[in-house]
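Here is a short report on selected features of one protein model. Keep the sequence and the 3D view at hand while reading.

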Amino acid sequence: MRRNRTPYSGQGFRPGRRALAVGTVLVAAFLAAATAIGMALPAQAATSLRSLAETKGRYFGTEMTGGDLGNGSLTGVAAAQFDMLTPGNEMKWDTTERSPGVFNFGPGDQIVSFAQAHGMRVRGHNLVWHSQLPSWVSNLPLNQVQSAMQNHITTEANHYRGKIYAWDVINEPFNEDGTLRQDIFDRAMGSGYLGIALRAARAADPAAKLYINDFNIEGVNAKSNALFSLAQSLLAQGAPLDGIGLESHFIVGQVPSSLLTNMQRFANLGLDVAVTELDDRIPLPASSNNIQQQGTDYGTVVNDCLMVARCVGVSQWGVDDGHSWIDGTFPGFGAATMYDRNFQPKPAYNASAAALGGGSSTPPPGTTSLVSAASGRCLDVPQSNTTNGTQPVIWDCHGSANQQWAVSGLTLRVLGKCLDAPPNAAAGTKVQIWDCNGGTNQQWNLNASGTISGVQSGLCLDVNGNATANGTTVILWTCTGAANQRWTRG
Ligand code: XIL
């Protein structure tokens, strides 16, 4: 269902001569075999938004629909880059309670499961909204609306209790001029419905942060002024309001200059603020100037959030340009996200990463991913954790730096560390990353068959138990040449 609305706005070691010669031959053979199978390496992010945001005490989120769960490229990027997930439609009233008292949480549960499987938290979206609201609610006699609303909130928030970081309890309550929308809730209860809704949500899920979420409230204007007054009065009444969601559906070049000031004034009330639905639409066909400007815009938004201690995080609405709501809702506009339709990061990605203190967006030259033949998944350093002893796993390939391995002599280097077999490694020992030290336990033969064998142990890198799931560790095992011991350049 679409809505028409006013536009929203180096530590090298020196191998002996013999090792060098053998290594060169083996590497050449490996690369030749790999190139035969290989694909061009796309330009990829050097690290993840989620890990960068976490170093700043923030999250970086995205939005996905149930349909998106079937797209491996999309889910790969989502899990790798984002640590907060908002369901696009699956928790809205028209999905969760299409008929009075008949609840369907299946679609929302799927989104929550995906999030939990990938270490992402969830923003619940949403409980009370004039849109995507079944007609049975809008047609209720006014004296039945409050109980229907309370029952809806109680049942849904109770179902998801403990699984939701924050709920958009009330979505988009304001008109552009700052008056409250005359929706069924306002007509039935007046402005009191907001406090009633918040209290019902708090009772059902005391741990969730409770938000009012709206668009065109990012800058200081009539609408955000009205929301500010409302927030003050709700707090004065003791209503359980914890945060303000700034949707942030921007038009390229039009991020309000008062964004920072506006976020700070809400924060000064003791409220959290969050950028909940960021996108930045561009008139199509998108010019390269506008794609660059979009980068500037994203950088501004992320920087502003970092400037406000109570700005808890930024979420983009959708993962990539091919799965954004913009094209269908704002004809003539598109290219609104950080990823293009091929899931390649755009300048907006680089700007966001840079604002979070990240470096280059392209992998270091000469690096490659190592793809396990059994699963198609990539050798990956969990969470880009560079602590000595971190054990690589297999994970969906996404090309970020924690999956980019440099073949340097006989070493395999990642994130400035070396792939390393612990002392006295035997069949079954998990490999790890460690400071590069030139030891033979850090030397690997890249065999033409695709196996990778340890120079010291003679054992092969082996996906533990022949499992294929994300997170499976990689051990040393007697070389068999089976698929779980063969690796190709991705
Ligand atoms: C959008 C979804 O992305 C679309 O799939 C759906 O057709 C309409 O709603 N503000 C909100 C979100 O709070 O719920 C909206 O999501 C986008 C605008």
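The report takes a helix pair, then a helix with its surroundings, then the strands.

This is a predicted model: local features need pLDDT of at least 70, side-chain atom pairs count only at pLDDT 80 or more, and totals for chains, interfaces and linings use all residues. Residues are numbered from 1 along each chain as its sequence is written. Helices (H or I, at least four residues) and strands (E, at least two) are DSSP runs, numbered from the N terminus.

**A helix pair**

Two packed helices are described by the angle between their axes and the distance between the axes. Axes here are lines fitted to C-alpha atoms, for helices over the stretch in contact, and angles run from 0 to 180 degrees between N-to-C directions. The axes of α7 (residues 145-159) and α9 (residues 192-204) come within 8 Å and cross at roughly 30°. That makes α7 roughly parallel to α9 (angles under 35 degrees count as such). Residues are in contact if their C-beta atoms, placed from the backbone, lie within 7 Å. On α7 the contact residues include Met149, Ile153 and Ala157. On α9 they include Tyr193, Ile196 and Ala200. By class, the contact has 9 nonpolar, 4 polar and no charged residues. Ala, Val, Leu, Ile, Met, Phe, Trp, Tyr, Cys and Pro count as nonpolar, Asp, Glu, Lys and Arg as charged, and the others, Gly among them, as polar.

**An enclosed helix**

A residue is buried if 20 or more other C-beta atoms lie within 10 Å of its own, with C-beta atoms placed from the backbone. In α14 (residues 347-355), 8 of the 9 residues are buried, so this helix is largely enclosed by the rest of the structure. Tyr349 and Asn350 are among them. The buried residues of α14 pack against α2 (49-55), β8 (272-283) and α12 (288-307). Gly357 follows α14, with a positive phi near 90°.

**Strands**

Two strands pair if DSSP finds at least two bridges between them. An open sheet of 5 strands runs β11-β15-β16-β17-β18, with antiparallel pairing. β11 (367-368) and β18 (432-434) stand at the edges, each with a single partner strand, so one side of each has no neighbour in the sheet. Two strand pairs compare as follows.

| Pair | Sense | Bridges | Residue partners |
|---|---|---|---|
| β1 (residues 59-64) and β2 | parallel | 4 bridges | Gly61 and Met84 |

Strand β2 (residues 84-87) is covered on both faces. Met84 and Thr86 are buried on one side, Leu85 and Pro87 on the other.

Definitions and conventions: Parallel < 35°, antiparallel > 145°, perpendicular 65-115°, else oblique. Contact = placed C-beta atoms within 7 Å. Buried ≥ 20, exposed ≤ 12 C-beta atoms within 10 Å, placed from the backbone.
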